[in-house]
Protein chains: 2
Amino acid sequence: MYDERGEKYLDCINNVAHVGHSHPDVIKAAVKQMELLNTNSRFLHDNLVQYAKRLTATLPEKLSVCYFVNSGSEANDLALRLARQYHGYQDVITLDHAYHGHVSSLIDISPYKFNQLGKEGKKEFVHVAPSPDIYRGKYRDDHPDPASAYADDVKKIIEEVEKKGGKIAAFIAESMQSCGGQIIPPAGYFQKVAEYVHKAGGIFIADEVQVGFGRVGKHFWAFQLQGKDFVPDIVTMGKPIGNGHPMSCVVTTREIAEAFGASGLEYFNTFGGNPVSCAIGLAVLDVIEKEDLQGNAVRVGKYLTELLNKQKEKHPLVGDVRGVGLFVGVDLVKDQQKRTPATAEAQHIIYKLKEQRILLSADGPYRNILKFKPPMCFTVEDAKFVVDQIDELLTALEEATGVRAGNERSTSAQHIRKMTNEGNSESDCISESINHINGTACRQKNDLYTDNCAMPCKRIRT
Amino acid sequence: MYDERGEKYLDCINNVAHVGHSHPDVIKAAVKQMELLNTNSRFLHDNLVQYAKRLTATLPEKLSVCYFVNSGSEANDLALRLARQYHGYQDVITLDHAYHGHVSSLIDISPYKFNQLGKEGKKEFVHVAPSPDIYRGKYRDDHPDPASAYADDVKKIIEEVEKKGGKIAAFIAESMQSCGGQIIPPAGYFQKVAEYVHKAGGIFIADEVQVGFGRVGKHFWAFQLQGKDFVPDIVTMGKPIGNGHPMSCVVTTREIAEAFGASGLEYFNTFGGNPVSCAIGLAVLDVIEKEDLQGNAVRVGKYLTELLNKQKEKHPLVGDVRGVGLFVGVDLVKDQQKRTPATAEAQHIIYKLKEQRILLSADGPYRNILKFKPPMCFTVEDAKFVVDQIDELLTALEEATGVRAGNERSTSAQHIRKMTNEGNSESDCISESINHINGTACRQKNDLYTDNCAMPCKRIRT
C-alpha cells in the first residue's frame, strides 16, 4: 500500500483487499463489464447465475440459494429476516463482544455496539452467550471440554427463553470472532450449538463477512474448521468478496428460501448482484484459485504463527498467539497469570509500527489483541519483517517498564496448572472483564489498566 | 440498452443508469482510481473530502455533513438512526404506499411492503399519513387547498401520538413518491408538515433515492420543488448517485450529526465512501454538469409531458398525466370520472412495449401508472418514439374494449365540477382504494378491477 507521497506501507490488516490491492485481473473484469453493461438487478444477467454457481460450489450442497446484496450489514440483516420468517420466531442469540453490522437491526444484536449504550442498549429479544474464547473467556484452556461448556451455556439460554414463552429464531456468530478479539471457537462448539438451536426451531447463521474466502487456508470457509459434520443454515459474506467493491451475499438452503418466498414479500435489491459486481466476484474467485491463495495462507500463516510463538517464548507481554491461516491474533498481557490486558502496550505497538510503515491494528474488548488479517498475498518475508519489528518494540517496552523476559514467565502447561489451583480469584477477574464495556466495572478493581479504560469504547471495526 | 443478442432497447425506466448506460467518463474515473487504490474507509482519502464538498454544494447550506454508505436502504436506515438519536424519540410518520428500502427497519416504515403482511405488519411506532396524491388520493384536484389538507392529517397524527404519550422522531417521505405512483406532492405541503414535525421535536427526512440528482430538471433535488423556504433536516440519496455503482449518501445538519456522535456509538461503514465510489460519484456530478443533463431533463421532460397530454385529450384510458423533468407518470383509468385504475391495460401496454423493445414499467398501488424515469440523456426523439407506440397501443386497446375517444371523456374542469357535486360517493371509493392492499376490500365493491386485484401485491420496485 502506498500513501499520497508514494511511501510504501506493509498492510497486515486489510482483509477487504483480499487478493491484493488493485489486482489487475479484478480491475480488468470490472472494466470489461462496466463497458458492456451495468444496471440494476431488475434485469436478468448471466453473470449472476454463473457467480451463484461458482459461489455455491465452494459450500456444502444444501447451501444452494444466493441473495446478492451490497454489504455485510445488508447480508446479516437479510439473514435475520430469513431466520425470523422461517418459523415466525423472534429471539436471537448472539455472542458477547460480537459485531454483525451497522444497520439498526444489527446494532441490536451486536454487544460490541449496544453495550456502549448502557443497560438500555440490549433489547428483550436479544440473548448474549459467552464468547467461546478459551484464553480469556468463561471456560479456558484448563477446562476439560470448553466446546461443550460454551455450547451448554447456549442451551441454558434457550431453556430460559422458552420458559418465558419466547422462541429462538436464530443463533448468529462469526465463524471466528474478529472484533471480539480474533477468537477461534473450539472445534465441536458449533455442532453442539446447532443441535440445541435446531431443536428449538432456530436457524444457525455463520457470519463469514470477515473471515471467509479462503483466509483460514485449509478451507474456503472458516466454519469448516469445526468439522465436516457441521453445516450452518445460512452463511453471510462480505468484505473480501469483491476485493473492495461494495458487494456481499447471503447463502441459504432451499427450504429457508422457500419459507421466505412464501411470506409474499418479495426481496429486491437495486445494486445487489448487478453484472459488474458479479464479474468482480467471479474474478476474485479466479485469482484465489489461480494464485493458490489458500495454499499461501496455509504456508505463510504457519510461518507467521511460528515466528509469533517464538515471541511468546521470549516476551512476557505476549500472553497468547492464536491463528488459522492468515487470521492471527496476539493477546498482549501485563501479567501472564492474571492475563491482564496490555491495552496501552498494544496501542503503543501499532502506533510505532505505523511510524515504520507497517499497518496493524489492535482489537478485542480491551483492544489488546494484535490483529493480523492481511491481503492473502502476504509473504513469508512480510511476516518476518513485521515480527522482527514487533520483537524490537516488545523488547524496548519491556525494558522501559522493567518487565524482563523470563521474569513473570510461565510455560503454557505451568500456566494451566496454576489456573486450576487459583480457581475463583481468576474467575472474578473474568466476570469483571466481561462487564467492562459499560465503562465502570473496569475502573473498580484492576488499576493496571485503569488509564486505558475509556479506549475500548472507541474501537472501530476494520 | 442492448440485450445479449445485440438487440437495441429504448430504456425509459432505468434511473440507476442516470447519466447513460456505460458512460465513458464514469468508467474512466472508476478505472483510474481502481488502478491506484481502493480500500475500506478505515483509511483517509482526499476523494471522500472532495466528493463531500461537491455534493453539499448542491444542497442548502445547513445540510453540510455527509455519511457515505452503499445503498438507499443503508442510507434510510442511518437516517432513522440519526433522527431517533436526536431527541431520543421513536415514532415515525410515513406516507401510504411508501417504500424506503429492504432492510428490516425500513420494511417497518414502508406500507408498500408491510401492508402485504396483513394487519400485523404495521408496528405500533409507525403512523401512516395519506399519500399527497391530488389525482387519486384523499384530497384531490377539486380541493381548494390540498397541501394544507394533507399536512393537517399529519398534524392530527402527531396530536394523536402525543395524546398516547408517544413522541415523533421523524417524518419520512420521498420528495416525489415513485413506487407510490409517481406522486408529486402539492407545493407547500412539505413546509407545513415540517412545521408540525419540528414543533413535535421530530426530524424531516427527504428520501431522494429515486428522484434526486437533477431528475426534476429545474432543481438538483426534488424537495426543492416545494420552494426555497423548505429545507429538510436529512436528505438520503441512492440509485443514480453512482450510475449503477453501489453507493449512497446521507446528508444532514451539523446539529443532528453532533447529537449522533454524542451517543458514543461510532458509525463505521466498510465500503462507504471508498476512493473508487467517491471517484465515480465525482464523475457523475461532472457529467450532469458538463452535458447539461438538468437542462435536458427540463426540455425533454416538457416535450414528453406535452405529447402525453395530447394522448390524454385523445384517449379515455389516460386519466392523468403528471410529471416534472424526467419523472413522469401516466395514470390509466377505465372510467374517467370514477378514476377506476386500468391495471390490466397498463400491464398490457408495458408488455406490448417490451415486444417493441421499449422498456417501461407500471407502478402505484394498482400498478396502473405508466412510470417514466429514463436515463437523463433521454432525447426528444426517444420521447416521440415511445409516445407514438403508446398511442397505437391505446387506440388498439380502446377499439378492442369498445371504449372510444370522446365517449366517456370529460375535460379536467368538467371533471372537477362533477367531483364536487358527487361528494361522498367518490370518497367512499377512495377510502376503499387506500385499503386495497390487504387484498379484500377491493374485491367487495368495484367489480371493474376485481380480476386484477391480486396483482398489486406482486409489484417490485425498479
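How are H11(B) and H12(B) oriented to each other? The points below take up this question together with others on the model.

1. Basis of the note. This is a predicted model, in which local features need pLDDT of at least 70, side-chain atom pairs count only at pLDDT 80 or more, and totals for chains, interfaces and linings use all residues. Residues are numbered from 1 along each chain as its sequence is written, chains are lettered from A and ligands numbered from 1 in the order in which they are written, and side-chain values use heavy atoms, with hydrogens and water left out.

2. Relation of the chains. The same surface serves both copies, since 98% of the contact residues of chain B recur in chain A (contact means heavy atoms within 4.5 Å).

3. H11(B) and H12(B). Helix H11 (residues 343-355) of chain B packs against helix H12 (residues 380-401) of chain B at about 130 degrees, the axes being 10 Å apart. Helices (H or I, at least four residues) and strands (E, at least two) are DSSP runs numbered from the N terminus; axes are lines fitted to C-alpha atoms, for helices over the stretch in contact, and angles run from 0 to 180 degrees between N-to-C directions. H11(B) and H12(B) are therefore oblique to each other, given that angles under 35 degrees count as roughly parallel, over 145 as roughly antiparallel, 65 to 115 as roughly perpendicular and the rest as oblique. On the H11(B) side, Glu345(B), His348(B), Ile349(B), Lys352(B) and Leu353(B) meet Gln389(B), Ile390(B), Leu393(B), Leu394(B) and Leu397(B) of H12(B). These contact residues comprise six nonpolar, two polar and two charged (Ala, Val, Leu, Ile, Met, Phe, Trp, Tyr, Cys and Pro count as nonpolar, Asp, Glu, Lys and Arg as charged, and the others, Gly among them, as polar).

4. H3(B) and H8(B). The axes of helix H3 (residues 72-87) and helix H8 (residues 254-261) of chain B come within 8 Å and cross at roughly 80 degrees; the two helices are therefore roughly perpendicular. Among the residues of H3(B) in this contact are Leu78(B), Arg81(B) and Tyr86(B), and H8(B) contributes residues including Ile256(B) and Phe260(B). The contact divides into six nonpolar, one polar and two charged residues.

5. H1(B) and H9(B). Helix H1 (residues 24-36) and helix H9 (residues 275-290) of chain B pack at about 155 degrees with axes 8 Å apart, which makes H1(B) roughly antiparallel to H9(B). The crossing is right-handed. Residues meeting here include Ala29(B) and Met34(B) in H1(B), and Ala279(B) and Val287(B) in H9(B). This contact holds 11 nonpolar, one polar and two charged residues.

6. Aromatic pairs. The count over all chains is 31 aromatic pairs (rings of Phe, Tyr and Trp, the last by its six-membered ring, with centres within 6.5 Å; planes under 30 degrees apart count as stacked, over 60 as edge-to-face and the rest as tilted). One of them, Phe204(A) with Phe230(A), is edge-to-face, at 4.8 Å centre to centre and 70 degrees between the planes. Phe204(A) lies in strand S6 (residues 203-207) of chain A and Phe230(A) in the loop between S6 and strand S7 (234-237), so the pair ties together parts 26 residues apart in sequence.

7. Backbone points. Ser22(A), not a glycine, has a positive phi of about 50 degrees; Ser22(A) is in the loop between strand S1 (10-11) and helix H1 (24-36) of chain A. Arg367(A), also not a glycine, has a positive phi of about 55 degrees.

Terms used. A crossing is left-handed if the near helix is turned anticlockwise from the far one by less than a right angle, and right-handed if clockwise.
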